[in-house]
Amino acid sequence: MRKKFPMMNITDLYQEIILDHSKSPRNFGVLDQYTCTAEGNNPLCGDSLTVYVNVENNVISDVSYRARGCAISIASASIMSKMIKGKTIEEVNILFDKFHRLCTGQEVEEDEDTETLQVLSGVSKFPTRVKCATMSWHAMKEAIHAEEIPLESHNIPNIPNNKKG
Ligand code: ZN
């Protein structure tokens with residue numbers, strides 16, 4: 001007879017991470033100083049959130065949110081806030097696309113970020129929960145959209161001129 005080892009399966013692990021984030025959400029609250037803010041609502045589930053982002057020189061220097069709703073919506077906001085802090089707007093846009101692909105069951109290139117995002121990708125099997133997971137991300141994107149600097153005005157670092165003589 002084959003014996004099954006009592007192993008925690010991956011779904012249980014993800015559930016545990018989601019519960020942990022929803023019970024003690026990281027970066028929760030209102031920032032003293034922020035450059036942009038936006039709201040998200042998911043009436044289907046009763047989730048709502050306001051996100052506060054401080055953008056400095058095209059980098060997310062700080063982010064926070066106030067939210068109420070289901071465990072997935074809170075955990076998603078918490079994970080999002082941890083992931084985008086310190087990233088440039090361009091990097092956040094790439095991350096957003098990656099997350100959106102994962103939540104809609106599309107193929108995504110494997111990397112460190114994907115591993116973290118995978119925790120929330122279980123919602124792709126439950127279309128009614130997709131909005132719970134993506135609400136905070138859409139609000140964050142809406143907030144930073146106003147901060148996006150047109151390409152032509154990006155600071156181009158000075159290339160040192162090594163030519164001598
Ligand atoms: Zn929800």
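Two residues are in contact if their C-beta atoms, placed from the backbone, lie within 7 Å. In this predicted model, Val 53 is in contact with Tyr 34, Thr 35, Cys 36, Ile 60, Val 63, Met 140, Ala 143 and Ile 144, its neighbours within four places in sequence being left aside.

Val 53 also belongs to the largest nonpolar core, which has 36 residues. Together with Val 51, Ile 84 and Met 140, Val 53 touches the most other members of that core. Two or more residues of this core come from each of strand 2 (47–56), strand 3 (59–68), helix 2 (71–84), helix 3 (89–103) and helix 5 (127–145). In soluble globular proteins, nonpolar side chains tend to be buried together.

The wider layout may now be considered. The protein chain contains 5 helices and 3 strands, and from the N terminus on these elements follow the order α-β-β-β-α-α-α-α. Of the 165 residues in the protein chain, 32% are buried. When contacts between residues at least 6 apart in sequence are taken, 60% of them join residues at least 24 apart.

Thr 104 is found in the loop between helix 3 and helix 4 (112–117). Is Thr 104 buried or partly exposed? Thr 104 is partly exposed, because 13 other C-beta atoms lie within 10 Å, whereas a buried residue would require 20 or more and an exposed residue would have 12 or fewer. The C-alpha atom of Thr 104 is separated by 5.1 Å from that of Ser 124, although these two residues are 20 residues apart along the chain.

Notes. Residues numbered from 1 in each chain as written. Predicted model: local features only at pLDDT ≥ 70, side-chain atom pairs only at ≥ 80, totals over all residues. Core = buried A, V, L, I, M, F, W, Y, C linked by C-beta atoms within 7 Å. Helix = DSSP H or I, 4+ residues; strand = E, 2+ residues; numbered from the N terminus.
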